[in-house]
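Let us work through this model by question and answer. Here it is.

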Amino acid sequence: MADDGLDLRTLADGDLVGQMHDDLYDGLKEEVEEGVTILLERGWAPYDVLTQALVEGMRIVGIDFRDGILFVPEVLMSANAMKAGMAILRPLLAATGAPRMGKMVIGTVKGDIHDIGKNLVGMMMEGAGFEVVDLGVNNGVEKYLEAIETHQPEIVGMSALLTTTMPYMKVVIEAMKTKGIRNDHIVLVGGAPLNEAFAEAVGADAYCRDASAAVETARALLARRQGAAMARETA
Amino acid sequence: MKDSPELDAAAAFPGRNPGARRVLVIACGALAREVLALHLDGVDVTCLPASLHNRPERIPEAMRTKIRAHRAAYDEILCLYGDCGTGGALDRVLAEEGVARIAGAHCYAFFAGERAFAAMAEEEPGTFYLTDFLARHFEALVIRGLGLDRFPHLRDAYFGAYRRVVHLAQFDDPETTARARAAADRLGLAYERRFTGLDGLAAFLDASMRHARTKTSAA
């Protein structure tokens, strides 16, 4: 039961989902966990709980962050609440064969240990149905290449917060070119000091302003790539 | 941060050499005390609010506005800012306005020296840097700025990957040193102090002033 006395179990499904959006927005971890449990008890598919309650709630958080209404601490609280809900859903999603969008290898580049943005992107990508392999922080080029070879992801994501470390993204992309694998993967980059021009200059496919943008960009580029592959096959 | 006037103030400090070539330094408010300690005659100093530290996307246009407001009154304008997380946007504004900036991505680099700073970052990427200003305003800029006063359990989300605090000290001041050490304790990180003094700032301003004098005598 929520702290204000609201019994979540008394709410109809639509109202409960709306309340969960509010609870995610307010970073109320226990309430979000309770909401997830109730929806599952009512026979909701784990994938529907994930997309309609959690991902949609975080999408609203993302919009208000972009518009300067919410700030990093509030977003982190929301992320913690979503993470708690995800922890309940993850094993169920695997067991019920929820749709998989693709795989992403993501990490913060060498010399940089900032991971807040990267973690948010990883969480939102997972919520959107991607399998996420998180390399953590301070990753040299060899770590990226090894992970690409091992996991064969559709998407490689690189993050940096420092102007001194962001040029390292070009080192990784050049190494991918040298290995002849650059065009086998979509490369997304992000981090506070980056922009579209930088992404283009280092040879990435796209710059992602925030976690929501990363999900939208990944989906769009993946669909374009699959469309192109299909066109080649039917030609 | 309304209770910290030093963070929000856009201060102005007139120099004392009327009639000479007029030079204005536009600095981050976090550097005001340090620039004034150099006692540069004939140089006026004006500052943008140090609170922009937490909103770097606002720095470039704030700088442009400041430059244009003072352009007519000065022969030379200099910028005392790092890139400070603007992703090159500050340098693009300065190039358009014809204003020189001190070298370095941030004040840590130009206080410590670019080479020394790069060595420190290489030695331990998980280093959180404090200048004297940041040590004095740790509560407002870091604790309240990151919401740790409201959500203390987010500390590890922010600082979990850090290993140490390096206090780059501009002055020998026991009170500031104590504050820096307390800040490291609060973050649960090891503390190191490295004295930088003001040589990095002085070298940039001396060279810029020499350059300005050369331009004057050639004119």
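**Two chains in numbers**

Me: What percentage of the 219 residues in chain B is buried?
Reply: The model is predicted: local features need pLDDT of at least 70, side-chain atom pairs count only at pLDDT 80 or more, and totals for chains, interfaces and linings use all residues. Residues are numbered from 1 along each chain as its sequence is written, and chains are lettered from A and ligands numbered from 1 in the order in which they are written. A residue is buried if 20 or more other C-beta atoms lie within 10 Å of its own, exposed if 12 or fewer, and partly exposed in between, with C-beta atoms placed from the backbone. For the 219 residues of chain B, the buried share is 44%.

Me: How many helices and strands does chain A have?
Reply: Helices (H or I, at least four residues) and strands (E, at least two) are DSSP runs, numbered from the N terminus. Along the sequence, chain A reads α-α-α-α-β-α-β-α-β-α-β-α-β-α. The totals are 9 helices and 5 strands.

Me: Why does chain A count as being as compact as a globular protein of its length?
Reply: The globule rule is 2.2 Å times the number of residues to the power 0.38, and the radius of gyration is taken over C-alpha atoms. For 235 residues the rule gives 18 Å. Chain A is close to that, so it is as compact as a globular protein of that length, with a radius of gyration of 19 Å.

Me: What distance separates the end C-alpha atoms of helix 2 of chain A?
Reply: The expected span is 1.5 Å times one less than the number of residues. Helix 2 covers residues 29-41, 13 residues in total, so it should span 18 Å. The model agrees, with the ends apart by 19 Å.

Me: Is A:R224 buried or exposed?
Reply: A:R224 sits in helix 9 (residues 211-234) of chain A. Inside 10 Å there are 12 C-beta neighbours, so A:R224 counts as exposed.

Me: How many residues does chain A bring to the contact with chain B?
Reply: Two residues are in contact if their C-beta atoms, placed from the backbone, lie within 7 Å. Chain B gives 17 residues, and chain A gives 18.
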